[in-house]
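I opened this entry to keep a record of what I looked up in the structure, and in which order.

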Amino acid sequence: MDGPTDRRKMAGKSRYFTDGFVCAGFMCGSSLDGLDGALIRVRKRSVSLLAFAHHPFDNSFSDTIRNGLAGNAPGKTISGFWGMTENLVSLVELDLFKKLLASASISEKEVDLIGSHGITSSHHPSAGLSLSGIPIPGHTVQLTNPHLLTEAFGIPVVSDFRRTDVASGGEGAPLAPIFHRAVLTHKTINRAFLNLGGIANITSLPSRRGSGNPIIAFDTGPGNMLIDAGARWISKGKRGFDPNGEMAGNGQAVESLVEKVCQDPWLHRAPPKSTGRESWGEDRFREILGQMPLRFSPEDLMATLTEITALSVAKSLDWITPCPEEIIVGGGGARNLTLMNRLRIRCNKEVSPSETLGIPAQAVESMAFAYLALLSMTQRPGTLPELTGGKAGRVLGTVTFPSSRSLASILPGMIRGGDIHLPFPDRARARMLPGPG
């Protein structure tokens, strides 16, 4: 017969201990071209992808969101636009979640957790503004409505990932490197992971052999954002990107303009740093457009915008020690063959899409937020303060619980299961305060 000690050891045990965790993650990047969803299993210190799905936004929808984020929401106040947008995001997530379940042949009852990033509507992490002489801290806002997901599926949802880090003095970005480290680190090869979303960001991944070297991660500048703006301008809104980089591949970049744009002081600022649409959106595109030669072809414009991204990424390597031997690329930009080729030339490195490692390029970020949600629910910090600039590692996000399940019924088992299954167990969990009694 089991004694009291054995009974205590079994308390809180569940399928977490045998099956690990199944988590969904949703991400809409700054390109605003669609929403990605991933379903992952975390078990025995490994992460596997069970399913991935993408919901593309049509050009009119993307333009409406883009204009609203710029403060030009037609017929709506900013608060009304934000409320509408967060519901639209979560309705797409509802649909994507059903597709993920069908693709993986599992039911929602087998899913432990959902992580929802949402659409970034405003990102100003650095303080500097004041009102009536009172300094206002930096802020970041992501639009999503987790309550729709918990109501529909009865699954806890972690959202609002970035604000905790910003409140602790950090940039609120990058957050995905802790996931990149868990799944992409090589035993002997120094790598970097480059995410080519609307904004590009890079993570250095020293080999396990060289684990004494710190991870470095930061935004590098524009990814697809300027390129997509050029495609919309050339096509008068009919096309939101340059398929395979075909136009850029048939053009000639204006090298003097590329060099001029890449003298931007932000690009030469030491990390930690983050940026967004405020710096590399429509206003910057219009500025570049106004500096093109008097006679230029659409192909030359696209080649110039593509080269700006490639050069800004190449310049970012100056901050990374040891210098990576290879660069693994994720995000929508990995499909731009011209950009990938220019990166190989500018960086003078082997540059490969993440598919070479068995992970769809567009799935990496949504997988990351599924993983970050699990870190939060198992009370582990999701930030590396040396990357974001925050005061210390922080447990991220806000958890929305379904009315049918309580924190007390979920959290203890997840925390114990995390001790067994999560990769990189050196990530200490937060100290749990004793409960009543």
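The entries below cover a sheet, the helices on it, a helix pair and some backbone details.

**Entry 1, the model.** I note at the start that this is a predicted model, and I read what follows with that in mind.

**Entry 2, the sheet.** I looked up the strand order and found an open sheet of five strands, running β12-β11-β10-β13-β14 with mixed pairing. The edges are held by β12 (217-222) and β14 (350-353), and because each has a single partner strand, one side of each is left without a neighbour in the sheet. On average, and with direction ignored, neighbouring strands of this sheet are turned by 25 degrees against each other. I then followed β11 (residues 199-205), which pairs with β12 in the antiparallel sense over five bridges; in this pairing, Asn201 has Asp219 of β12 as its bridge partner.

How do α7 and α15 lie to each other? I find that α7 (residues 177-184) and α15 (residues 364-377) pack at an angle of about 100 degrees, with their axes 9 Å apart, and since 65 to 115 degrees counts as roughly perpendicular, the two helices are therefore described as roughly perpendicular to each other. From α7 the contact draws on Ile178, Phe179, His180 and Ala182, while α15 contributes Val364, Glu365, Met367, Ala368, Tyr371, Leu372 and Leu375. Sorted by class, this contact has nine nonpolar residues, one polar and one charged.

Most peptide bonds are trans, and most residues other than glycine have a negative phi, so I listed the exceptions I came across. The bond from Ala173 to Pro174 is cis, with omega near -5 degrees, and Pro174 sits in the loop between α6 (163-167) and α7. The bond from Thr321 to Pro322 is cis as well, with omega near -5 degrees, and Pro322 lies in the loop between α13 and β13 (326-330).

For phi, I noted Lys236, which is not a glycine and has a positive value near 55 degrees; Lys236 is in the loop between α8 (225-235) and α9 (246-249). Is Lys236 buried or exposed? Its relative accessibility is 76%, so Lys236 counts as exposed. Gln379, also not a glycine, has a positive phi of about 65 degrees and is placed in the loop between α15 and α16 (385-388).

Technical notes: Residues are numbered from 1 along each chain as its sequence is written. This is a predicted model: local features need pLDDT of at least 70, side-chain atom pairs count only at pLDDT 80 or more; totals for chains, interfaces and linings use all residues. Side-chain values use heavy atoms; hydrogens and water are left out. Axes are lines fitted to C-alpha atoms, for helices over the stretch in contact, and angles run from 0 to 180 degrees between N-to-C directions. Helices (H or I, at least four residues) and strands (E, at least two) are DSSP runs, numbered from the N terminus. Angles under 35 degrees count as roughly parallel, over 145 as roughly antiparallel, 65 to 115 as roughly perpendicular and the rest as oblique. Contact means heavy atoms within 4.5 Å. Ala, Val, Leu, Ile, Met, Phe, Trp, Tyr, Cys and Pro count as nonpolar, Asp, Glu, Lys and Arg as charged, and the others, Gly among them, as polar. Two strands pair if DSSP finds at least two bridges between them. Buried means under 20% relative accessible area, exposed over 50%, partly exposed in between (1.4 Å probe, protein chains only).
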